[in-house]
Amino acid sequence: MRKQDLFRLCLQNLLRKRSRTFLTVLGVVIGGCSIVIMVSLGIGMKEAQDKLLAELGDLTIITVTAPRGGRGKVKLDDALVARLKKLDGAVAVMPRQTLESADLRLYAGSGKRYVADWVPVTGLDAAGMEAMGFRLEKGERMTKTGDVVVGQYAAYNFRDTLRPAGSDMVDRWSAGWNEETGRMNDPPPAYFDPMKETLTLEAQNGEYKASLTLKPVGLAREDYSKGSETGEGLLMDLKDLKALTEKLHLNKKGASPYQSVLVKASSISRVADLEKRIRALGCATESMESIRAPMEKEARQKQMMLGGLGAISLVVAAIGITNTMVMSISERTKEIGVMKALGCYVRDIRALFLAEAGCIGLMGGLVSCVISFTGGFIANIVALGGPSPETMRLALLGGEGPARVCVTPPWLLVFAVVFSVLIGLGSGYYPAGKAVRIPALEAIKSD
């Protein structure tokens, strides 16, 4: 039998009992919609989790510190940094030193008008900031002695000495939380722009004092995985910080030259293994992996649960397809006998019934994809604040901002159609086998 004839007979037989075919296809549509919508919701939850974790900072950063409580003989020195650089999966390694055990005060403006009574100051390798993933809101990285990168919100730690107490500082949290975007609103402007002022850092350690004039060349983007100073402090080159600590006599004999070392993994999937190998060197580590891994595991479990619920609906639809095909064979027994009597091959009879079952699955899968995609698109627009060109773009493509409720990737639609067709073919296999086993003479005599 030619393919054109097979296709024509298939459509004729399906259209012969339109109501029954419609109801059977409807069952597949409901099952297909269940799978696509449930999995889309699971992917949407995963996207929301990823955005939440991304706001916490770079997930590939591992902070290496010396063993707590003085245990072990590991020192965070240049020798250890060299060993960390040789580890497979480590794309960047950066030592850090924080200025501690000293009273710090930071001044800005003419006549030291603006004063910060508290400021975290960290020294690091300025040349390695780009490789480590430090991002700047504006400006450039440090290149000269005295250059510093200011934390994104460091200006809010300053008080204006010309204003009365109680109103001499800007509260950056006063803008409140935006329920629509799921983020903090942009803070009010600070009293001054730290990028346009020369800063003076004054430090004291007992009888030792030091003053350092600093030139802000960049404004860091806040990322707590790289240190709180990216949000509220100062970043300077290690050489400048070392010179300052020497003036303050803070360098203790035999102490580790660095307080911590940042290690950047090549990908999120390499973080856990890299942490394990760093601990084997005798160091302590911290990363977002302890938060990310359980959340990702929970998201996978939810996706499997939601997909399983959708699959149950499609299995019920498969039973409906089997029932439809069995009834069709019972009604067309004589037709099957005539086909055999005319010399039709058994494989063609089997192919005809399988094609009918496959067509039911195909039609149901296609319609379910259209309905699911449209429903998810509408749900996203409503969740994102109503129809507009921007919300329509976000609903389709995603991006920065609030997460989508339903995320329907193209592979999911293709999978739904293929799965529906396979369900149809599987459901039609038994009825098709039953049809080819009917003896020709017995089928012809059938009423």
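Leaving aside neighbours within four places in sequence, which residues is Thr245 in contact with? The first legend answers this. The views come from a predicted model.

Thr245 is found in helix H6, which covers residues 238–247. Apart from neighbours within four places in sequence, Thr245 is in contact with Leu99, Leu250 and Asn251. A polar atom of the Thr245 side chain lies 2.8 Å from the backbone oxygen of Lys242. Thr245 has 7% relative accessibility and therefore counts as buried, because buried means under 20%.

The relative accessibility of Leu23 is 55%, so Leu23 counts as exposed; the cut-off for exposed is over 50%.

**View C. Leu352 in helix H10.**
Helix H10 spans residues 346–383 and contains Leu352. Is Leu352 buried or exposed? With a relative accessible area of 1%, Leu352 is buried. Phe373 stands 21 residues from Leu352 along the chain, and the C-alpha atoms of the two are separated by 31 Å.

A disulfide is a covalent bond between the sulfur atoms of two cysteines. How many disulfides does the count come to? The count is 0 disulfides. Cys369 is in no disulfide, and the nearest cysteine sulfur, which belongs to Cys33, is 8.2 Å away. A pair of cysteine sulfur atoms must be within 2.5 Å to count as a disulfide. Cys369 has a relative accessible area of 8% and is buried. Cys359 is buried too, with a relative accessible area of 18%.

Thr322 belongs to helix H8, made up of residues 289–331. Which residues is Thr322 in contact with, leaving aside its neighbours within four places in sequence? Thr322 is in contact with Ser427 and Pro431. The relative accessible area of Thr322 is 23%, so this residue is partly exposed. Glu298 is 24 residues from Thr322 along the chain, and their C-alpha atoms are separated by 36 Å.

Notes: Residues are numbered from 1 along each chain as its sequence is written. This is a predicted model: local features need pLDDT of at least 70, side-chain atom pairs count only at pLDDT 80 or more; totals for chains, interfaces and linings use all residues. Side-chain values use heavy atoms; hydrogens and water are left out. Buried means under 20% relative accessible area, exposed over 50%, partly exposed in between (1.4 Å probe, protein chains only). Helices (H or I, at least four residues) and strands (E, at least two) are DSSP runs, numbered from the N terminus. A polar contact is a pair of N or O atoms within 3.5 Å; within protein, one must be able to donate a hydrogen and the other to accept it, and residues adjacent in sequence count only if both atoms are side-chain atoms. Contact means heavy atoms within 4.5 Å.
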